[in-house]
Amino acid sequence: MLFSSITFLYWFLPLVVALYFIIPRPRGSLLWRNLLLFVASIVFYAWGEPLYVLVMIAQSLVGWASGLLIDRYRGKPVVRAILVISLVIELSSLLFFKYTDFFINNLNTLFHSQLGLLALALPLGISFYTFQILSYTIDLYRGKVSVQKNPLVFATYVTLFAQLIAGPIVRYSMVEEQLTSRTHSLAGFVKGVRRFALGLGKKVLLANTFGQLVVLTQAELHGGGEQSVLFALLFLVGFSLQIYFDFSGYSDMAIGLGHMFGFTFPENFNYPYISRSLTEFWRRWHMTMSFWFRDYVYISLGGNRVGKFRHLLNILIVWMVTGFWHGAGWNFILWGLYMAIFLILEKYFLQRLLEKIPRFFSHIYLVIFIMLSWILFESSSLAQAQELFLTLFGFGSSGLAGIASLYYLKSYIVLIVVAVIGCTPLPARAIGWFRDKTGLLGKRTLTILEPLFIAAILLVVTSFLVDGSFNPFIYFRF
């Protein structure tokens, strides 16, 4: 079930919200409300993948039971073995569903064999909820969180539909207290609705529209149509904006849903396209993932507290694993390697230069290298990525531009400009400036306009969804 679907917006969510706040809290207990969230999350997940609910529940039980054993045998030599066994079981499930066919394909290529592919569907959200379970067991082993003895509370944490499918990656330590004692208020609920509506608008009105541009340009570039430099550039711009508004929109919706039910989820995006370096970009883009790999992989390998060679190796390992986490393909591994190489170059050579040159030039550097990286990220094969690279730089292209590419440029240029502005803090700053400069009148005006704006978003989004518009979600693949 998608957040951006009629079923979720007008049936599932209103029903869950109504039942959630109707259910009493005897002596302040959240038992029944957590039970409702757990059941609702199971229904939400099972709506599209009923069989794979068992996988998620099984992984939750392994994580919960491992936590009990780690707590029981803390301080004894066996506790490390318990942690390792738990990690192996959790990661084995992820590896089996996500990477089995990748390894079979490579074995067939290497040994000229004909092993059959399993062709397994990837359980939705498995990359995200697996990482959440791992963060609990590792943090418990490190003594950073307390053991959760209640299986319902732990299962609610793992399965919570608000952030189940694509994050943000919520560590147990972030919501440990909120699972059993959280505050509900009208102000918090309104804040959640506002954040959810903003994310919904970003997803349906911007990401989906740019997704259509990506599909159209891909059809031309790889389908024997116009293969101009402008078409390749339109594809890159379209995908760069689609993936940002798609993923940040989903994160906004998840954070908004959390507020509605009394949870505070971590921010996942902080205007990444305004960065001046790749290092800064990854502190702003999908922050919960970046920090997860930093804290549980990079630091575990020794981080930067080692010699130069080992430090370089650590960065390479972390980013190749990050790339592979995104998808079972060599293009993702090369994407991770691409990131690692330029992050190393920045750390040892470029960072000081980027800080000294005018912000405009360092920003252009960042935008160029990020957009080029999306070619590897989006391409279905290395051959397709190579073809797009060559077309973009004029090798084998049909020229700089053609009739079709100029038509699409004229059709999308206004939306591109609006979206680029939306990638910056300018809109938020403009609203803040208006509020500060106009005083009480401005605050009252915004108080009136805000619900009208939210209603307008819901109305327009609904018309798009009823019309059966293009409505994919990029990170469902991962």
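**Note on the predicted model**

1. Both Asp-246 and Lys-203 are buried. In this predicted model, their side chains form a salt bridge, with N and O 2.8 Å apart. Asp-246 belongs to helix H9 and Lys-203 to helix H8, so the pair joins parts of the chain 43 residues apart in sequence.

2. The structure holds 8 salt bridges. One of them joins Arg-194 and Glu-450, whose closest N and O atoms are 3.0 Å apart. Since Arg-194 is in helix H8 (residues 186-222) and Glu-450 in helix H17, this pair ties together parts 256 residues apart in sequence. Arg-194 is partly exposed at 33% relative accessibility, and Glu-450 is partly exposed at 30%. There is also a network of salt bridges that links Arg-195, Lys-202, Asp-252 and Glu-267.

3. The chain is divided into domain 1 (6-182) and domain 2 (188-307 + 342-467). The contact between them takes 33 residues from domain 1 and 31 residues from domain 2. Their C-alpha centres lie 28 Å apart. About 2,700 Å² is buried between domain 1 and domain 2, and carbon and sulfur atoms give 73% of that area.

4. How many salt bridges does the rule find across the interface of domain 1 and domain 2? It finds 1. Elsewhere in the list of pairs, Arg-171 and Asp-295 meet through their side chains in a salt bridge of 2.8 Å, N to O. The two residues come from distant parts of the chain, 124 residues apart: Asp-295 is in helix H11 (residues 287-298), and Arg-171 is in the loop between H6 and helix H7 (172-175). Asp-295 is buried, at 13% relative accessible area; Arg-171 is buried too, at 12% relative accessibility.

5. The largest nonpolar core has 136 residues, and the members that touch the most others are Phe-8, Phe-161, Phe-261 and Trp-374. Helix H9 (residues 229-260) gives the most to this core, with 18 residues. The core lies between domain 1 (6-182) and domain 2 (188-307 + 342-467), because both give residues to it.

6. Which residues does Phe-261 touch, not counting those up to four places away in sequence? They are Leu-13, Val-16, Val-17, Tyr-20, Leu-37, Phe-161, Arg-182 and His-184.

7. Helix H2 (residues 31-46) has 16 residues, and the distance from its first C-alpha to its last is 22 Å, close to the 22 Å expected at 1.5 Å a residue.

8. Phe-453, in helix H17 (residues 426-466), is exposed with a relative accessible area of 51%. The C-alpha atoms of Phe-453 and Ile-403 are separated by 38 Å, and the two residues are 50 apart along the chain. Phe-389, in helix H15 (residues 382-392), is partly exposed at 24%. Beyond its neighbours within four places in sequence, Phe-389 is in contact with Leu-372, Ile-375 and Leu-376. Between the C-alpha atoms of Phe-389 and Ile-375, 14 residues apart along the chain, the separation is 7.5 Å.

9. Asn-331 is in helix H13 (residues 330-356). Is Asn-331 buried or exposed? Asn-331 is buried, with a relative accessible area of 6%. Leaving aside neighbours within four places in sequence, Asn-331 is in contact with Leu-376, Phe-377, Ser-379 and Leu-382. Leu-376 is also one of the contacts of Phe-389.

10. Most residues other than glycine have a negative phi. Ala-119 has a positive phi, near 55°; Ala-119 sits in the loop between helix H4 (78-111) and H5 and is exposed at 63% relative accessibility. Tyr-271 also has a positive phi, about 50°. Tyr-271 is in the loop between H9 and helix H10 (278-281) and is partly exposed, at 27% relative accessibility.

Note on methods
Residues numbered from 1 in each chain as written. Predicted model: local features only at pLDDT ≥ 70, side-chain atom pairs only at ≥ 80, totals over all residues. Heavy atoms only, no water. Helix = DSSP H or I, 4+ residues; strand = E, 2+ residues; numbered from the N terminus. Expected span 1.5 Å × (residues − 1). Core = buried A, V, L, I, M, F, W, Y, C linked by side-chain atoms within 4.5 Å. Buried < 20%, exposed > 50% of the residue type's maximum accessible area, 1.4 Å probe, protein only. Domains from an automatic or database assignment. Contact = heavy atoms within 4.5 Å. Buried area = accessible area lost by both parts, 1.4 Å probe. Salt bridge = Lys/Arg side-chain N within 4 Å of Asp/Glu carboxyl O.
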